[in-house]
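Dear colleague,

I am handing over the structure below, and my notes on what was found in it follow directly after.

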Amino acid sequence: MIFGVVLAGGIGSRMGNVDKPKQYLLVGDKPILIHTLERFYIESEFEKIIVLCPAEWVSHTKNLIRKYMVDSSRVVVLQGGETRNETIMNSIRYIEENYGLTDDTIVVTHDSVRPFVTQRIIEENIKYAKKYGACDTAVKATDTIVCSEDNRIISEIPERSKMYQGQTPQSFNARKLKNLYESLTAEEKDLLTDAAKIFVMKGEKVHIVDGEVFNIKITYPYDLRVAEALLRGEE
């Protein structure tokens, strides 16, 4: 079975003075989260689309889904965890309790604030997660990437041809992801930035799915203006 996992746990601290997490802000006439869910709902291979959000926003999220989506029968709303990866583990626990975990269980995890993901990207995530066990959406870096050990002085300038900018979805064999995560030490968990890094830290291969430059993550106020422009272009 294949499950969509939409991560809506952010609080939007970088969005500035707003009264709600960024995934609930409007782009066009709908919340960002709804735009994202609509992209996932088109994919017929998903058994369920699991939305994970802060406990205090669960009821609000359910109400939004009922309000904006004509058919929400495949959407489940759950409480997220304290970290991104604990949130993903909550989705896997739900799947295990309700459907069981097999070698064919796939989770396609995605940021709720990336509403412009394409069906091609979703379908390739499913394909490569089935084939390789793990994949990550990314685009080749167009700018030179610089590294700084102390956040003041450049310590390294990597070869740009080898650099990518990570996006989502990130998709995995759910059983393998769970087993690898549970094998990490507390110190290793502190180093995690996303779920793909779990595989990399354990020496497992993560296949690259080509992303799109417009598959943006809405993080700052400027991104809202870009999202509005992208939406107008689609319409």
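Val 146, Ile 154 and Ile 157 make a nonpolar surface patch of about 290 Å²; patches are made of residues with over 30% relative accessible area and no salt bridge, with nonpolar side chains (Val, Leu, Ile, Met, Phe, Trp, Tyr) joined within 5 Å and like charges within 9 Å. Accessible areas come from the Shrake-Rupley method with a 1.4 Å probe, only the protein chains shown counting as cover for residues, and a salt bridge is a side-chain nitrogen of Lys or Arg within 4 Å of a carboxyl oxygen of Asp or Glu.

This is a predicted model, in which local features need pLDDT of at least 70 and side-chain atom pairs count only at pLDDT 80 or more, while totals for chains, interfaces and linings use all residues. Residues are numbered from 1 along each chain as its sequence is written, and side-chain values use heavy atoms, with hydrogens and water left out.

Val 146 is partly exposed at 47% relative accessibility, where buried means under 20% relative accessible area, exposed over 50%, and partly exposed in between.

With a disulfide taken as a pair of cysteine sulfur atoms within 2.5 Å, the count is zero; Cys 53 is buried at 1% relative accessible area, whereas Cys 147 is partly exposed at 28%.

Best regards

Conventions:
Buried < 20%, exposed > 50% of the residue type's maximum accessible area, 1.4 Å probe, protein only.
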